[in-house]
Amino acid sequence: MFYEQLGAGETVIFLHSGYSRGILAFASQMLDFQKKYNCYFPDFRGHGRTRCESLAWSTPQIADDILAFMDEQDIPTAHLIGYSLGANVGLYLAVLHPERVTSLTTIGTSGFCDPAGVEQFEPEWLIANDQQDMIDQMTERHAEAHRGDWQAHMRESAQDWRLYPQLTPDQLGGISCPALFITGEHDPFAGEERVKHLASLVAGSAYLVVPSGSHRPHMVRENPTLVNDTILQFLASAVSGVD
């Protein structure tokens with residue numbers, strides 16, 4: 001598993017979105033967070049510069065990979081910050097391995113499977129609609145991980161989008177670590193109503209709706225300052241145990 005590491009302090013693992021990689025998904029967080037925390041930015045299997053014999057992957061499999069990565073790096077516990085696909089990976093880890101998760105922050109997930117819009121990310125649709133820019137971008141970003149087979153990458157992504165997360169309300173309600181759920185006001189995959197519902201299931205959790213934000217409110221040209229400041233304050237309270 002390829003990864004970048006910056007900073008010192010308590011460990012934060014950043015879990016990137018689908019179609020992306022660690023340093024791209026969290027480019028607007030790297031400088032702020034490395035000042036106070038030991039930050040890891042791994043590339044998931046099937047993504048970026050991580051190499052694997054098999055091109056198959058799924059959200060639960062990536063969660064297992066992150067757990068193995070923590071073992072390999074001798075990280076007993078970590079704060080998890082996940083975006084989109086990575087947010088769902090974080091939910092799986094918080095549900096299935098609570099002893100390893102110090103806190104959980106998600107960006108851009110409702111906590112429940114919603115395949116709406118996935119058709120426009122399948123290879124056949126991209127080719128039929130002359131989306132060469134997207135094809136080139138996927139080939140460039142993930143050439144090492146999918147060995148140049150961008151279509152296999154997009155099919156795996158679409159399949160995962162259709163299937164996961166598969167966590168029940170009771171499982172989500174069992175999350176015991178401090179949790180913060182973030183969405184952009186106009187995020188079609190999360191949004192205020194869905195994130196409020198997710199927060200209502202997790203006792204003691206908090207949520208943030210970023211005004212005018214899209215699915216990526218933490219990125220440049222949106223509102224990374226608000227998102228970063230909110231997460232940093234949340235992490236400080238999680239470390240100190242103060243609400």
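Colleague: What makes β5 and β6 a pair?

Modeller: In this predicted model, 4 bridges join β5 (residues 101-107) to β6 (residues 179-184), and the two strands run parallel. Pairing requires at least two bridges, so the 4 found here qualify β5 and β6 as paired. Within this pair, I107 stands opposite I182 in β6.

Colleague: How do you know that helix α4 packs on the sheet, and which strands does it touch?

Modeller: Helix α4 (residues 85-96) touches β2, β4, β5 and β6, and its direction makes about 150 degrees with that of β5. Touching is judged by heavy atoms within 4.5 Å, so α4 counts as in contact with these strands.

Colleague: Why is β4 called mostly covered?

Modeller: A residue is buried when its relative accessible area is under 20%, and because 6 of the 6 residues of β4 are buried, the strand is described as mostly covered. Both faces are involved, with A78, L80 and G82 on one side and H79, I81 and Y83 on the other.

Colleague: What does β4 pair with, and in which sense?

Modeller: β2 and β4 pair in the parallel sense over 4 bridges, with F14 standing opposite I81 in β4. Towards β5, which also runs parallel to β4, there are 6 bridges, and L80 stands opposite L104 in β5.

Colleague: How does the chain cross from β4 to β5, and what is the hand of that crossover?

Modeller: The chain passes through α4, and this β-α-β crossover is right-handed; that name applies because, with the strands pointing away from the viewer, the path from β4 over α4 to β5 runs clockwise.

Key
Residues are numbered from 1 along each chain as its sequence is written. This is a predicted model: local features need pLDDT of at least 70, side-chain atom pairs count only at pLDDT 80 or more; totals for chains, interfaces and linings use all residues. Side-chain values use heavy atoms; hydrogens and water are left out. Axes are lines fitted to C-alpha atoms, for helices over the stretch in contact, and angles run from 0 to 180 degrees between N-to-C directions. Buried means under 20% relative accessible area, exposed over 50%, partly exposed in between (1.4 Å probe, protein chains only).
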